[in-house]
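Student: Can we go through this one together? I'd like to start with the packing and then pick out single residues.

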Amino acid sequence: MAVEKMSIAKALNESLRLALDTDPKVLIMGEDVGKLGGVFRITDGLQKDFGEERVIDTPLAESGIVGTAIGLALRGYRPIVEIQFDGFVFPAYDQIVTQLAKMHARALGKIKLPVVVRIPYGGGIGAVEHHSESPEALFAHVAGLKVVSPANASDAYWMMQQAVQSDDPVIFFEPKRRYWDKGEVDTESIPGPLHKAVTVREGSDLTLVAYGPMVKVCLEAAAAAQEEGKSVEVLDLRSMSPIDFDAIQTSVEKTGRLVVVHEAPVFYGSGAEIAARITERSFYHLEAPVLRVGGYHVPYPPARLEEEYLPGLDRVLDAVDRSLAY
């Protein structure tokens, strides 16, 4: 068993390296992904080792980047596209939604577009406007796209492998403020299916569901609640489309309470779909309404205010207390 401790950034780099090494049809494209190695150094060293024809520095043109990746996929390649920051993806949204997501259905299943679109997302890094967005719900709403986000190094490594191997387009959201969090990665043992939720902490009084950057916050909240005698279960969703509703339902029917946490705004966020679906499925098991914790319905604030905007330990614990008060 090959177990190594590495950061999420390193795990992604190693996974991309393996993908390039395993399949000559895998290409990486994006702004500054080659010589610079990406602004977060996720692709560091890959152009040097695999050449400029496979790790390609592109112009600053997101729509062109994704459009080119679609053309390459039509010709048998497996492009991995990097959108440098979350807020830069919108010029490419048309290509993603009207072409990448639709082509398989448009061709009655005869055409596949195995494209991975990597998007560093979320706040917490003190960045300027357009660098701290959480647009995952906009993509999860679109049929034809898979939308995932790892919360730890092991998932970063293996979920990237699974995304690259998928014949369907995958929007791969990387929690940028967790890039430097370290964890153990077993490079020989696949942890599970790409879209399967994972219970990362057992509990009996309430279920916290989160993904990406908020999983760490929920684990901290569960530990704090334990000191007050409250047993909180934490479920790492891992996939926003499709959603593993069965895993959520199983947990909620054990605990009777559910709080959904995400960094994106609560208004029309993925937590709303989860709350509605679990209320439909498990109404008679619920001891309290499903509660949601997330960002506010405002433009992402300047860096000095972002700690007030981002859901933190206190807001999660407040929701836990309110749920348990019913």
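This is a predicted model: local features need pLDDT of at least 70, side-chain atom pairs count only at pLDDT 80 or more; totals for chains, interfaces and linings use all residues.

Student: Which residues have the most contacts inside the largest nonpolar core?

Tutor: Ile 96, Ile 171, Ile 248, Leu 258 and Ile 274 do, in a core of 78 residues. Helix H7, residues 153-165, gives the largest share of this core, with 8 residues.

Student: What does Ile 274 touch?

Tutor: Leaving out residues up to four places away in sequence, Ile 274 touches Val 209, Leu 237, Ile 243, Phe 245, Ile 248, Leu 258 and Val 260.

Student: And which residues does the second core include?

Tutor: Ala 151, Leu 291, Val 316 and Ala 319 are among them; that core is separate and has 21 residues.

Student: Now the surface. Which residues make the nonpolar patch?

Tutor: Val 198, Val 200 and Leu 219 make it, and its area is about 180 Å². Leu 219 sits in helix H8, residues 214-226.

Student: Switching to Ser 149: buried or exposed?

Tutor: Ser 149 is buried, at 0% relative accessible area. It is in the loop between strand E6 (146-148) and H7.

Student: Which polar partner does its side chain have at 2.8 Å?

Tutor: The side chain of Tyr 121. A polar side-chain atom of Ser 149 also lies 3.0 Å from the backbone oxygen of Phe 173.

Key. Residues are numbered from 1 along each chain as its sequence is written. Side-chain values use heavy atoms; hydrogens and water are left out. A nonpolar core is a set of buried Ala, Val, Leu, Ile, Met, Phe, Trp, Tyr and Cys residues joined through side-chain atoms within 4.5 Å. Buried means under 20% relative accessible area, exposed over 50%, partly exposed in between (1.4 Å probe, protein chains only). Helices (H or I, at least four residues) and strands (E, at least two) are DSSP runs, numbered from the N terminus. Contact means heavy atoms within 4.5 Å. Patches are made of residues with over 30% relative accessible area and no salt bridge: like charges are joined within 9 Å, nonpolar side chains (Val, Leu, Ile, Met, Phe, Trp, Tyr) within 5 Å. Accessible areas come from the Shrake-Rupley method with a 1.4 Å probe; for residues, only the protein chains shown count as cover. A salt bridge is a side-chain nitrogen of Lys or Arg within 4 Å of a carboxyl oxygen of Asp or Glu. A polar contact is a pair of N or O atoms within 3.5 Å; within protein, one must be able to donate a hydrogen and the other to accept it, and residues adjacent in sequence count only if both atoms are side-chain atoms.
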